[in-house]
Amino acid sequence: MKYWVWCVIVLLALARSATAQETTTGSIGGQVLDDQGLPLPGATVTVTAAQGAQSFATDAQGRFFAPFLTPGTYSVRVELTGFRTAEQKNVEVRLGQRAELNLKMTVGGLSETVEVTGTRAVVDTTNTTVGANIDSQMLARVPVNRTLADTLYIAPGVSSGGGTGRSNPSVSGASGLENQYLVDGVNITNPGYGALGSYSIVLGSLGTGVTFDFIQEVQVKTGGYEAQYGQATGGVVSVVTKSGTNNLRGTLFGYAQPGRLQNSFTLINLPSATRSEAVNVTETQTSDFGAEAGGPVIQNRLFYFAAIDPQWSRTTFAAPSGFPLASLGNVNRERRILAYSTKGTWQLATGHRLDASFFGDPGNGPAGPQRRSALLGTTTEAYSRLQNFGGHNQTVRYNGVIRPTWLVEAGFARATNGITELPSVNSYRYITPTQITGGIGFFENNTGSNQQWQAFSTNIVNWRGQHQIRYGIQDELIDYDNVTNYSGPTFTLSNGQQTVTGATISVLDDPTFGSIYRVTRANLANVRTTKQNYLSFFAQDIWQVGRHLTVRPGVRYEQQKLTGNATDYTFNGNWAPRIGATYDPAGSGRMKLFANYGWFFAKIPNDLAARALSSDAGITRADYFDPNLTQPVPEGTTAAGTRVHLRFAGLSPSTFDTNARSTYSTETLVGAEWEAVPGLSLGARYIRRRYGRVLEDIGTLPLVAYLLPDVPGAESVEYSVTNPGTKTAVAGNLGVPISFDNAVHEYDAVEFEADRRFSNGWSIQSSYRWSRLWGNFEGFFRNDNGQSDPGITSLFDFPTNDPTYVSLGAPLGFRGDIRFLGSAGNGPLPNDRRHQGKLFGNYQFGFGANVGVGVQIQSGAPLTALAANPVYDSPGEIPETPRGAGMQTEQGFRTRTPVQMNFDVHGDYGIRLGARRLVVLADAFNLFNQQRVLDYDNYTEISFQVTNPNFGRVIAYQNPRTVRFGARFEF
């Protein structure tokens with residue numbers, strides 16, 4: 001595929017004759033007119049900032065365009081013989097946006113300068129993208145935790161992803177594994193699961209992706225994004241790191257969140273310690289210190305930036321009262337990260353720049369309770385250490401203006417990340433109705449590498465208005481290795497096969513044999529080496545028709561080849577049309593009405609190749625008479641309420657439907673934005689998203705068939721990957737009509753926004769969203785059971801429109817109704833947050849003090865009681881009611897968790913020391929210490945036919961008030 005990339009680069013170089021959506025920069029554009037409103041061609045436009053000055057000329061229509069500008073503040077100076085020089089200062093350039101200027105010149109001498117005021121607009125009247133741009137200055141003035149992920153929650157349309165963790169938010173109704181993350185143009189999205197940075201299905205996201213202090217600006221695209229962007233059915237996050245300038249600048253900084261200044265956590269009391277939340281968090285501490293410096297190597301030409309930030313975090317746990325490990329008292333889990341960033345910028349000539357950026361966040365965790373559940377055992381056998389996590393990223397990028405009407409960009413990048421966890425003791429994990437003992441059970445180690453090539457070109461053509469035609473190609477070559485394991489020695493199955501892993505074992509009471517030891521998870525194969533080739537190209541026209549109308553037609557094509565241990569599959573034919581338009585009623589650049597429609601294809605992570613294109617070879621049931629797994633229960637023996645004692649899943653690679661296509665969603669967006677007063681924009685919009693098709697794996701037999709005698713093909717659950725729906729074939733004949741249902745994922749939202757950029761000492765970024773997320777399909781992550789298996793969740797493993805689940809399964813002990821996984825259960829999905837309000841802002845006093853606030857309020861999550869899957873013996877699978885119908889909790893019947901609210905404050909004070917400055921600061925998070933309920937245990941069973949004593953109990957509260965102190969010495 002490299003061949004095609006270089007072919008396109010050559011074609012770009014031969015092209016003849018832009019607003020461009022730069023990935024790592026911004027731009028300034030506009031028109032120069034005389035005092036009669038006529039265009040002035042041939043004027044010299046000079047833009048100046050800390051990296052020097054660049055000059056451009058206006059065309060026949062008086063238009064100019066200054067691309068590839070580092071985000072920041074610029075002055076713009078216009079000169080033309082016979083006219084007074086016009087100059088506008090404090091022009092703010094934002095990442096991926098164009099600052100639009102309309103400059104007027106009056107007759108006079110060049111030596112006379114007229115400073116233009118009041119003509120700079122904050123509304124990008126040519127763009128339909130919605131979201132937020134958040135720069136480093138705003139992040140320094142408001143209360144935000146020191147990770148990239150935390151900055152995203154400032155944007156409207158971004159909310160909790162639930163089980164994907166704080167680092168992987170839900171954007172515009174998608175699950176937390178459906179976003180794309182770009183830093184300096186590098187795609188740092190986890191190749192295995194689609195998360196931010198390094199990710200494990202047990203530990204979640206670890207590391208920071210990029211450190212808070214290295215960020216120059218973050219752009220969060222929550223809807224309406226351009227054809228250049230894809231690989232996401234959620235949002236696109238683009239980050240640019242800091243660069244050097246003509247001025248030598250640096251900062252020494254340090255931050256600490258001491259545990260002693262943290263209020264007490266609300267303790268969780270569960271009658272049965274069968275889940276990790278039974279272990280209480282008693283304290284958290286974080287601290288980091290570092291340095292950054294940037295400056296010129298050659299004035300106006302060559303610049304550098306370098307930074308380092310060692311970080312430490314400590315979480316203190318306490319085992320449940322009465323448990324053996326409670327005698328240890330408070331036990332610390334420690335993790336360390338060494339974040340770094342270095343960047344070089346070479347301004348080759350006006351309009352030509354070369355950037356090289358290297359950054360990473362490698363980390364580790366010493367032996368201890370790296371998992372919260374490690375303290376549920378009778379010994380410290382479940383301790384583990386994180387040998388490494390995090391990643392390293394490198395990129396080299398060229399941006400150039402070949403002619404005023406022809407721009408090119410090309411780049412190469414490489415992103416690597418992974419996680420290695422090692423158990424302290426290699427022993428089986430045992431689960432009883434009241435306790436978990438033994439080793440850590442399941443663990444996975446993974447490494448991923450993504451080599452990325454891209455080449456873009458933008459051409460300006462003046463024909464019935466101005467066309468800014470942008471097109472390009474992107475190619476990614478991914479290697480991803482995944483090793484799954486279960487602690488404990490290997491063992492022999494009743495059929496004589498030898499496992500390659502240990503096991504997770506449920507201990508079941510039996511009236512005849514006393515106890516049966518049921519292996520619920522183990523593997524016959526566990527090393528999966530996978531690859532992916534992801535190729536995409538796009539074309540987008542920005543057609544400006546006069547001063548009022550801009551039309552944005554575009555199309556994107558994506559092709560994805562996944563390769564596993566055993567076979568491969570290519571998803572092609574993924575054409576994603578985009579069409580949008582904006583209308584500026586007055587032509588003043590201060591108001592727009594806009595609309596956009598588009599298709600967005602998901603990028604299927606390599607986890608699907610690891611499991612479906614390789615041999616998953618999983619054991620879902622293997623019964624033994626003894627805890628050491630040496631005496632298997634023979635098939636046909638009645639024990640633990642069944643005569644079926646050995647079951648498999650995925651012994652062979654999944655069969656792929658030859659017509660299977662990739663998941664995509666459609667989006668309709670309409671809205672308006674208006675600069676009500678200088679610097680303050682107000683916006684309102686409606687977003688509608690629907691999944692047009694989903695890719696999932698299915699097992700074609702009805703679920704109850706796997707527990708009935710003499711059903712052909714029921715010895716193992718074997719899977720086929722397809723686009724499930726009502727027409728999907730179902731095998732087996734149980735005497736009644738059985739079918740699958742269509743996947744339904746409907747997101748509707750109305751958003752209001754007020755955004756005032758910092759000026760005259762204050763700023764504000766606020767939003768309100770009403771939304772409805774409804775259906776039966778969550779997306780790549782399934783919050784029901786905490787499953788991180790994009791494209792192969794258990795949702796469609798069995799036909800959903802199946803009355804035999806109740807009619808034949810209820811006598812076997814089945815709970816719930818599998819029909820509630822389908823159309824009969826359509827309702828609010830777990831990430832549904834009906835109301836959400838945000839307010840971030842600051843006020844800077846004249847004597848050097850600054851105060852910032854951050855307020856977030858949102859509706860609680862819908863509640864659905866879930867029973868265990870009778871075949872998998874796994875909890876959180878089968879709804880007992882339609883979605884969102886509610887359940888009984890220890891606080892009464894609830895349909896949702898309580899409303900959540902956070903009120904955070906920030907204060908800093910700057911002290912001038914000549915040319916240097918010392919800033920001292922403090923933040924208080926959850927100022928009013930509101931420790932509301934975040935979640936209840938909604939599992940009615942902990943495994944098949946084992947009732948959950950914790951059902952309805954509180955398993956999570958808000959974190960208590962936390963105080964952070966910091967200082968920055970700027971020179």
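Buried means under 20% relative accessible area, exposed means over 50%, and partly exposed covers what lies in between. The exercises below apply these classes to a predicted model.

**Exercise 1.** Determine which parts of the chain are tied together by the salt bridge of Asp-479 with Lys-531, and classify both residues.

*Solution.* The search of the whole structure finds 45 salt bridges, and in the one formed by Asp-479 and Lys-531 the closest N and O atoms are 2.5 Å apart. Locating the partners comes next: Asp-479 lies in strand 29 (residues 466-486) and Lys-531 in strand 32 (residues 527-545), so the pair ties together parts that are 52 residues apart in sequence. For the accessibility step, Asp-479 has a value of 31% and counts as partly exposed, while Lys-531, at 46%, also counts as partly exposed.

**Exercise 2.** Carry out the analysis for the salt bridge of Arg-518 with Asp-873.

*Solution.* The closest N and O atoms of this pair are 3.8 Å apart, which can be set against the cut-off of 4 Å used for a salt bridge. Arg-518 belongs to strand 31 (residues 514-523), whereas Asp-873 sits in the loop between strand 51 (866-867) and strand 52 (878-879), so the parts tied together are 355 residues apart in sequence. Arg-518 counts as buried at 4% relative accessibility, and Asp-873 is buried with a relative accessible area of 6%.

**Exercise 3.** Describe the largest nonpolar core and the surroundings of Val-218, which is one of the residues with the most contacts inside it.

*Solution.* In soluble globular proteins, nonpolar side chains tend to be buried together. Here the largest nonpolar core has 40 residues, and those with the most contacts inside it are Leu-148, Leu-152, Val-218 and Val-239. Setting aside residues up to four places away in sequence, Val-218 touches, among others, Ala-132, Ile-134, Leu-148, Leu-152, Val-237 and Val-239. A second, separate core of 29 residues includes Leu-707, Tyr-719, Phe-740 and Tyr-872.

**Exercise 4.** Examine the nonpolar surface patch that includes Val-920, and classify this residue.

*Solution.* The patch covers about 810 Å² and has among its members Trp-762, Tyr-843, Phe-845 and Val-920. Its largest share, 3 residues, comes from strand 55 (residues 900-913). Val-920 is placed in strand 56 (residues 916-925), and at 37% relative accessibility Val-920 counts as partly exposed.

Methods
Residues are numbered from 1 along each chain as its sequence is written. This is a predicted model: local features need pLDDT of at least 70, side-chain atom pairs count only at pLDDT 80 or more; totals for chains, interfaces and linings use all residues. Side-chain values use heavy atoms; hydrogens and water are left out. A nonpolar core is a set of buried Ala, Val, Leu, Ile, Met, Phe, Trp, Tyr and Cys residues joined through side-chain atoms within 4.5 Å. Buried means under 20% relative accessible area, exposed over 50%, partly exposed in between (1.4 Å probe, protein chains only). Contact means heavy atoms within 4.5 Å. Patches are made of residues with over 30% relative accessible area and no salt bridge: like charges are joined within 9 Å, nonpolar side chains (Val, Leu, Ile, Met, Phe, Trp, Tyr) within 5 Å. Accessible areas come from the Shrake-Rupley method with a 1.4 Å probe; for residues, only the protein chains shown count as cover. A salt bridge is a side-chain nitrogen of Lys or Arg within 4 Å of a carboxyl oxygen of Asp or Glu. Helices (H or I, at least four residues) and strands (E, at least two) are DSSP runs, numbered from the N terminus.
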